[in-house]
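Here are my notes on this model, point by point. Please read them with the structure open.

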Amino acid sequence: MPGTPDDARWMDDALAEARRALLTDDVPVGAVVVGPEGRVVGRGCNAREADGDPTAHAEVRALREAAATLGRWRLDDCTLVVTLEPCLMCAGATVLARVPRLVLGAWDPKAGACGSQWDVVRDRRLNHRVEVVGGVREDACGELLRTFFATHR
């Protein structure tokens with residue numbers, strides 16, 4: 001299995017966040033930000049439908065909460081754990097927050113920006129690059145999404 005035992009445990013937290021999105025009929029994507037002591041400092045699930053906000057992606061919400069919890073925008077000692085490979089917006093937010101490590105569950109071959117369609121987080125033209133650990137709890141993350149989309153098509 002990719003990643004560390006801690007990565008798998010944190011992915012379980014992100015999966016719990018993803019399930020929360022189902023309550024508002026949002027796409028079930030969840031994210032957590034893990035602080036330097038190994039404690040979750042930010043949580044988020046997709047809330048575009050719930051909030052009517054196109055930027056209410058799980059990663060953005062988790063990064064915002066982590067910044068508020070830690071009292072700083074630089075999250076340069078944190079890890080972002082997300083159930084689905086981040087899109088362009090969320091990959092950019094990860095870079096701009098200076099997150100050094102990204103752990104993801106399922107890859108997104110249609111819109112992923114961390115290695116699938118694009119690789120924003122490791123683009124050498126940017127001032128910060130992110131280590132990517134992919135495929136952590138990939139089956140569970142992918143199944144949650146497949147089930148959601150099977151009932152919404």
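1. Pocket lining. The lining of the largest pocket splits into eleven nonpolar, three polar and seven charged residues. Here Ala, Val, Leu, Ile, Met, Phe, Trp, Tyr, Cys and Pro count as nonpolar, Asp, Glu, Lys and Arg as charged, and the others, Gly among them, as polar. In total 21 residues line this pocket; Val27, Leu84, Asp108, Leu145 and Phe149 lie nearest its centre. Helix α5 gives the most to the lining, with four residues.

2. Basis. The model is predicted: local features need pLDDT of at least 70 and side-chain atom pairs count only at pLDDT 80 or more, while totals for chains, interfaces and linings use all residues. Residues are numbered from 1 along each chain as its sequence is written, and side-chain values use heavy atoms, with hydrogens and water left out.

3. Pocket volume. The largest pocket holds about 560 Å³ of space. The grid is 1 Å over the protein atoms alone; a pocket is an open set of points where a 1.4 Å probe fits, with protein on both sides within 12 Å along at least five of seven lines, and lining residues have an atom within 4 Å of a point. Points are joined across faces, edges and corners, and the volume is the space filled by probe spheres set on them.

4. Annotated site. Which residues does the UniProt "binding site" annotation cover? The unreviewed entry gives His57, Cys87 and Cys90. They span 34 residues in sequence, yet no two of their C-alpha atoms are more than 9.3 Å apart, so they gather at one spot. The lining of the largest pocket takes in His57, Cys87 and Cys90. UniProt annotations may be inferred rather than shown by experiment.

5. Around Cys87. Cys87 sits in the loop between β3 and α4 (88–96), whereas Cys90 is in helix α4. Leaving out residues up to four places away in sequence, Cys87 touches His57, Ala111 and Ala113. Contact means heavy atoms within 4.5 Å.

6. Sheet. Five strands make an open, mixed sheet in the order β2-β1-β3-β4-β5. Its edge strands are β2 (40–45) and β5 (131–133). Helices (H or I, at least four residues) and strands (E, at least two) are DSSP runs; two strands pair if DSSP finds at least two bridges between them. β4 (101–106) and β5 pair in the parallel sense over three bridges. Leu102 stands opposite Val132 in β5.

7. Helix packing. Helix α5 (138–151) packs on the sheet, touching β3 and β4, and its direction makes about 60 degrees with that of β4. Axes are lines fitted to C-alpha atoms, for helices over the stretch in contact, and angles run from 0 to 180 degrees between N-to-C directions.
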